[in-house]
Amino acid sequence: MSTLLILGSSSDVGIACAHRFAKEGFDLILATRNGDEYQRNLAADLSIRYNVHVVSVQFDALATSSHKSFYESLGVKPNVVLSVFGYLGNHEQALSDFTQANLIIASNFVGNVSILGIIANDMESKREGTIICVSSVAGERGRKSNYIYGSSKAGLTAFLSGLRARLAASNVHVATIIPGFIKTKMVELLPETPKPITASAAQVADAIWLANKAKKDVVYVLPIWRLIMFIIRNIPERIFKKTNL
Ligand SMILES: NC(=O)c1ccc[n+]([C@@H]2O[C@H](COP(=O)([O-])OP(=O)(O)OC[C@H]3O[C@@H](n4cnc5c(N)ncnc54)[C@H](OP(=O)(O)O)[C@@H]3O)[C@@H](O)[C@H]2O)c1
């Protein structure tokens, strides 16, 4: 029997992945910082709907000193770990308030380095397992409108690339998921994004399932984003700095 640990299971993408993997017969460990009634109800619903074992546990990406004991406390160790937690934050505020900038970096980058580092060491010693982590196209080039979040995701993408190369020799797979826009609560207060380049949480979950099944390394959720980011990465700096991206 396979077990999936979802770090940040209250996220819209996390919930969609919980359904996708449970449908395939995976037992689930739902890890969220608010082990609230909603998560307990979700666990009960998934368990009945798909006839799988589901537990709900408390996990805070910012509480790095608790990550070792969090992982050690898991009764059953997961074969697959999916990290989906993330924090967009307020870019304007972050420009003048380091506490906000630090929260963005700590949530998206430091939290993942901490928990995935612990899990990677365990999987490496067992010589099996899969780590899947959601980064973002925002990490591919710093844009003036969100370079703090973008740089935290850039750090995350680089971390995952190195981790993948290190663990390949130990039969542990690391997949980097790179979504463009996703219609979720993270962006509900922002202007609506163009439909053809906006994925649903269910589409992201399908891409993540495929990454797990086919052991993909780097997955752009909507393939058009690979082209978009290729173009954006290759705009010369002298032009890029005049854009409003
Ligand atoms: N939406 C987009 O357009 C988009 C685009 C590219 C990449 N992404 C990435 O996709 C992933 C999933 O996000 P989403 O779109 O599904 O948004 P979402 O529904 O807002 O999910 C973000 C989740 O992260 C959790 N989280 C934040 N800080 C945490 C912490 N310290 N400890 C534990 N959990 C924490 C939140 O938990 P609470 O419920 O407790 O707040 C929330 O469930 C994120 O990594 C995001 O950066 C999103």
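**Figure 1. The loop between α6 and β6, with N171.** N171 belongs to the loop that links α6 to β6 in this predicted model. Its phi is near 65°, a positive value in a residue other than glycine. Most residues other than glycine have a negative phi. N171 is exposed, because 12 other C-beta atoms lie within 10 Å and a residue with 12 or fewer is classed in this way.

**Figure 2. Helix α6 and its buried residues.** Helix α6 has 21 residues. From its first C-alpha to its last, α6 reaches 29 Å, close to the 30 Å expected at 1.5 Å a residue. The buried residues of α6 are I148, Y149, G150, S152, K153, A154, L156, L160, L163 and L167. An α-helix has 3.6 residues a turn, so residues three or four places apart point the same way. The cover over the buried residues of α6 includes the helices α4 (91-96) and α5 together with the strands β5 (129-134) and β6 (172-178).

**Figure 3. The contact of helix α5 with helix α6.** Helix α5 spans residues 98-126, and helix α6 spans residues 147-167. The axes of α5 and α6 come within 8 Å and cross at roughly 10°. The two helices, α5 and α6, are therefore roughly parallel to each other, since angles under 35 degrees count as such. On the α5 side, the contact is made by A101, I104, I105, N108, F109, N112, V113, L116, A120 and E124. On the α6 side, these residues meet I148, Y149, S152, K153, G155, L156, F159, L163 and L167. By class, the residues of this contact divide into 13 nonpolar, 4 polar and 2 charged.

**Figure 4. L62 in the loop between β3 and α3.** L62 is located between β3 (54-58) and α3 (67-72), in the loop that joins them. L62 is partly exposed, because 14 other C-beta atoms lie within 10 Å. Apart from residues up to four places away in sequence, L62 touches A106, S107 and G111. Although L62 and N108 are 46 residues apart along the chain, their C-alpha atoms are separated by 9.3 Å.

**Figure 5. N51 and V52 in the loop between α2 and β3.** N51 is placed in the loop between α2 and β3, and V52 is found in the loop between α2 (37-50) and β3 as well. N51 counts as exposed, with 9 C-beta neighbours inside 10 Å, whereas V52 counts as buried, with 21 C-beta neighbours inside 10 Å. N51 is not a glycine, yet its phi is positive, at about 55°. Leaving aside neighbours within four places in sequence, V52 is in contact with A22, G25, F26, D27, L28, L46 and S47. V52 and I118 are 66 residues apart in sequence, and their C-alpha atoms are 26 Å apart in space.

**Figure 6. S56 in strand β3.** S56 is part of strand β3. S56 is buried, because 21 other C-beta atoms lie within 10 Å and 20 or more are needed for that class. Not counting residues up to four places away in sequence, S56 touches L30, G35, Q39, R40 and A43. S56 and I6 are 50 residues apart in sequence, and the distance between their C-alpha atoms is 9.8 Å.

**Figure 7. The residues around the ligand.** The shell around the ligand has 26 residues, of which S11, A61, G86, T184 and M186 come nearest. By class, this shell has 13 nonpolar, 9 polar and 4 charged residues. Helix α1 (12-23) and strand β7 (181-182) each supply at least two residues of the shell.

**Figure 8. T243 in the segment after α9.** T243 lies in the segment that follows α9 (237-240). T243 is exposed, with 11 other C-beta atoms within 10 Å. T243 and R143 are 100 residues apart in sequence, while their C-alpha atoms are 9.0 Å apart in space.

Terms used: Residues are numbered from 1 along each chain as its sequence is written. This is a predicted model: local features need pLDDT of at least 70, side-chain atom pairs count only at pLDDT 80 or more; totals for chains, interfaces and linings use all residues. A residue is near a molecule or strand if its C-beta atom, placed from the backbone, lies within 6 Å of it. Helices (H or I, at least four residues) and strands (E, at least two) are DSSP runs, numbered from the N terminus. Ala, Val, Leu, Ile, Met, Phe, Trp, Tyr, Cys and Pro count as nonpolar, Asp, Glu, Lys and Arg as charged, and the others, Gly among them, as polar. Axes are lines fitted to C-alpha atoms, for helices over the stretch in contact, and angles run from 0 to 180 degrees between N-to-C directions. Angles under 35 degrees count as roughly parallel, over 145 as roughly antiparallel, 65 to 115 as roughly perpendicular and the rest as oblique. Two residues are in contact if their C-beta atoms, placed from the backbone, lie within 7 Å. The expected span of a helix is 1.5 Å times one less than its number of residues.
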